[in-house]
Amino acid sequence: MRKIGLEEIDDIAMGAALLGAGGGGDPYVGKLIAYGAIKENGPVTLLSVDEIPDDAFIVPIAMMGAPTVLLEKGINGDEYKRLYDMISKYYGKEIFAFMPIEAGGVNSMLPFAAAAKLGLPLVDVDAMGRAFPELQMVTFSIAGVSATPMGLVDEKGNSVIFDTITNKWTEELARAVTMSCGGSVSVSLYCVDGKTVKEYGVRDIVTRSENLGKAIKQVKYGEKTPEENFLEASEGYKIFKGKITDVLRETRGAFNFGKVLFEGIGEDKGREAYVEFQNENLIASVEGEIVCTTPDLICIVDSETFIPIPTDALKYGKRVLVVALKCFEAWRTPEGIELVGPRYFGCDTDYIPVEDRIRGEVA
């Protein structure tokens, strides 16, 4: 158990933005919301997974919708209390603690705001170890846990409780309501007991985010180059270094779809690359050859500061480094690949771990 204040929030937001693989919304917006809640209500108690009882009622908090919409629509601040009341009343249980459902800019931060406002602890765990665009893409789905009953509220005061037959149906129906509510909403789903969190959650994700954030701020110090320090701290595989020459994007079905094109610089001068995304970066290709796919993490960072760049902030002329990080092991199982592998997103290739692709060990 430890307290999370403003200094820790800054590091966590930075690291979670990297683990968000381009998605999860703007970390700056999420950080401001968490800052405000902690300044008003005090630090948040962070519990390790082993500190929660098996029968504790744990509730994830998140926003759903297109990251570009989140930048403009925001929240009004009472969504967390309304979600708390809805979920507690529906289940007939008191909520023991909140948890994040994914790493990523906004969705790593809003659970802190909710915990601070309601005086509840937060558990150091999530259900992705990164960010994914659709609701069923969590480790709890692999475990057979239902996403529903799910609470959804918007900033205008509307609220919905879903009870669906599959987690994919939860995604379909909640996405339609999200569109009707203006493209972004606040949600609670995959409400689980402590035992399930211990067995299927991605442990220590907040601490990992915090450590990554600290490391990014320190990359310019030490005997190695900043790039070497960044790759070592993140355990990342360098994919490409280049300048953004074009960004093709559209908002469709409450998702941001797009493709960012790069022209090589430095050792990659004369080569070209691209990354495709659906909220999160999904496919990376260099000189026409796929070098990394989901569920491994494809991250785009500023080539000088190594600050992660979300997909909605990619701009022409930006000089960047594209790196890949290994995903959580559960995503490499057949069940995980079926749920979040490249073929689910329409890419005609099997999943091959990034370390094998980088070493040229491709079947």
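**Close-up views of a predicted model**

**View 1. Thr-170 sits in helix 7, residues 167-180.** Helices here are DSSP runs of H or I with at least four residues, strands are E runs of at least two, and both are numbered from the N terminus. This is a predicted model, in which local features need pLDDT of at least 70 and side-chain atom pairs count only at pLDDT 80 or more, while totals for chains, interfaces and linings use all residues. Residues are numbered from 1 along each chain as its sequence is written, and side-chain values use heavy atoms, with hydrogens and water left out. Is Thr-170 buried or exposed? Thr-170 is buried, with a relative accessible area of 0%; buried means under 20% relative accessible area, exposed over 50%, and partly exposed in between, using a 1.4 Å probe and protein chains only. Setting aside neighbours within four places in sequence, look for the contacts of Thr-170 with Leu-135, Ala-147, Thr-148, Met-150, Thr-164 and Arg-175. Contact means heavy atoms within 4.5 Å.

**View 2. The largest nonpolar core has 93 residues.** Such a core is a set of buried Ala, Val, Leu, Ile, Met, Phe, Trp, Tyr and Cys residues joined through side-chain atoms within 4.5 Å. Which members touch the most other members? They are Phe-98, Phe-112, Phe-140, Met-150, Val-197 and Phe-230. Helix 5 (residues 105-118) gives the most to this core, contributing eight residues. Apart from this core lies another, of 21 residues, including Phe-240, Ala-273, Phe-277 and Leu-314. In soluble globular proteins, nonpolar side chains tend to be buried together.

**View 3. Helix 5 is mostly covered.** Twelve of its 14 residues are buried, among them Gly-105, Asn-107, Met-109, Pro-111 and Phe-112. Just after helix 5, you can find Gly-119 with a positive phi of about 70 degrees.

**View 4. Stepping back, the chain has twelve helices and 18 strands.** Of its 363 residues, 59% count as buried. Along its principal axes, the C-alpha trace spans about 60 × 45 × 35 Å. Among contacts with a separation of 6 or more, 73% come from residues 24 or more positions apart.
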